[in-house]
Amino acid sequence: MKISEARQTYSSQIKNYYAKEKELSDQRVALERKMRTTVDGQKVFEKEAATLELAYTAISEKRQEYQDYMDMLQEQWASVANLVSSEQQGDAMADAANEQGKIIEVARRIMRGDRVPAYDEKKLMEFDWKLYSMAKSAAAMLELQKKRKEHKSLWEDEEEKTYDDPVEVADNTEAFASGPEVVDVEATLESVEVEE
């Protein structure tokens, strides 16, 4: 089961169990009032109180079981999303360093008086106007040199990188383990028995 599916399933279960837990809690409070206001209330409502307490405990424990599993799912989801995001940030940093290396190489070539493609010059200008100006000034001083080396663009063979959405990757990752059995609230309540 994918994390997104598991989160949806167990979130719904937690909501149902929480609502039932609240309902049973309200019933317990009302029963306690009845017990205090009725003669021999403890004895009269003893079985009903025991049944209500067992039902509340069963519902509460099952809700907590689902909540614990959801907490672990959330940790797994966050870990996967953070891992994908970190990988993308690492790639972006490597690309930026590579880009700066190319910019410096273009500036060096221009300073030596070599010919570089107009696209490369434009990249240098956009990156740092002052560096471009210095490179052109240095090239102008070497203008007397007759032989100029011609270079191909450093950006010719680049292709656009695409990245996956970290949230989507995390949502579509398989859950670390199958969760607790999904049991309807009413089925849980039916399993509660009081010994007489």
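This is a guided tour of one protein chain, one selection at a time.

**Start with the whole chain**

The model is predicted. From the N terminus on, the order of elements is α-α-α-α-α-α-α.

Now turn the model around. The C-alpha atoms fill a box of roughly 115 × 30 × 15 Å along the principal axes. The chain has a radius of gyration of 35 Å. A compact globule of 196 residues would have one near 16 Å.

The chain exposes about 13,500 Å². Carbon and sulfur atoms supply 51% of that area. Of the 196 residues, 31% count as buried.

Colour by charge. The chain has 28 positive and 43 negative side chains. The centres of the two sets lie 11 Å apart.

**Select R7 and D171**

The tour now turns to salt bridges. The count for this model comes to 13. Begin with R7 and D171, whose side chains meet in a salt bridge at 3.7 Å, N to O. Where do the two partners sit? R7 is in helix α1, and D171 is in helix α6, residues 166-171. They are 164 residues apart, so the pair links distant parts of the chain.

Check the exposure of each. R7 counts as partly exposed because its relative accessibility is 24%. D171 also counts as partly exposed, because its value is 21%.

**Select K20**

Stay in helix α1, which spans residues 3-37, and go to K20. Is K20 buried or exposed? K20 counts as buried, because its relative accessibility is 13% and the buried class lies under 20%.

Show what surrounds K20. Leaving out residues up to four places away in sequence, K20 touches I59, V185, E186 and L189. K20, E23 and E186 are linked in a network of salt bridges.

**Select D40**

Move along to D40, in the loop between α1 and α2, where α2 covers residues 41-44. Look at its backbone. D40 has a positive phi of about 55°, although it is not a glycine. Most residues other than glycine have a negative phi. D40 is exposed, because its relative accessible area is 56% and exposed means over 50%.

**Select E121 and K136**

Now find E121 in helix α4, residues 118-127, and K136 in helix α5, residues 129-141. The two form a salt bridge, and their closest N and O atoms are 3.5 Å apart. E121 is buried, because its relative accessible area is 18%. K136 counts as partly exposed, because its relative accessibility is 36%.

**Select K122 and E126**

Stay in helix α4. The side chains of E126 and K122 meet in a salt bridge at 3.5 Å, N to O. How far apart are they along the helix? They are four residues apart, about one turn of the helix. E126 counts as exposed, because its relative accessibility is 55%. K122 counts as partly exposed, because its value is 43%.

**Select E159**

Go on to the loop between α5 and α6, where E159 is found. E159 counts as exposed, because its relative accessibility is 71%. Draw a distance line from E159 to A96. The two are 15 Å apart in space, C-alpha to C-alpha. In sequence they are 63 residues apart.

**Finish at V192**

Select V192, in the segment after α7, residues 185-190. V192 is buried, because its relative accessible area is 18%. Which residues does V192 touch, not counting those up to four places away in sequence? The answer is T51, L54, A55 and A58. V192 and K43 are 149 residues apart in sequence and 21 Å apart in space, C-alpha to C-alpha.

Conventions:
Residues numbered from 1 in each chain as written. Predicted model: local features only at pLDDT ≥ 70, side-chain atom pairs only at ≥ 80, totals over all residues. Heavy atoms only, no water. Helix = DSSP H or I, 4+ residues; strand = E, 2+ residues; numbered from the N terminus. Buried < 20%, exposed > 50% of the residue type's maximum accessible area, 1.4 Å probe, protein only. Contact = heavy atoms within 4.5 Å. Salt bridge = Lys/Arg side-chain N within 4 Å of Asp/Glu carboxyl O. Rg over C-alpha atoms; globule rule 2.2 N^0.38 Å. Areas by Shrake-Rupley, 256 points an atom, 1.4 Å probe, with all protein chains shown as cover. Lys, Arg positive; Asp, Glu negative; His and termini not counted. Charge placed at Lys NZ, Arg CZ, Asp CG, Glu CD.
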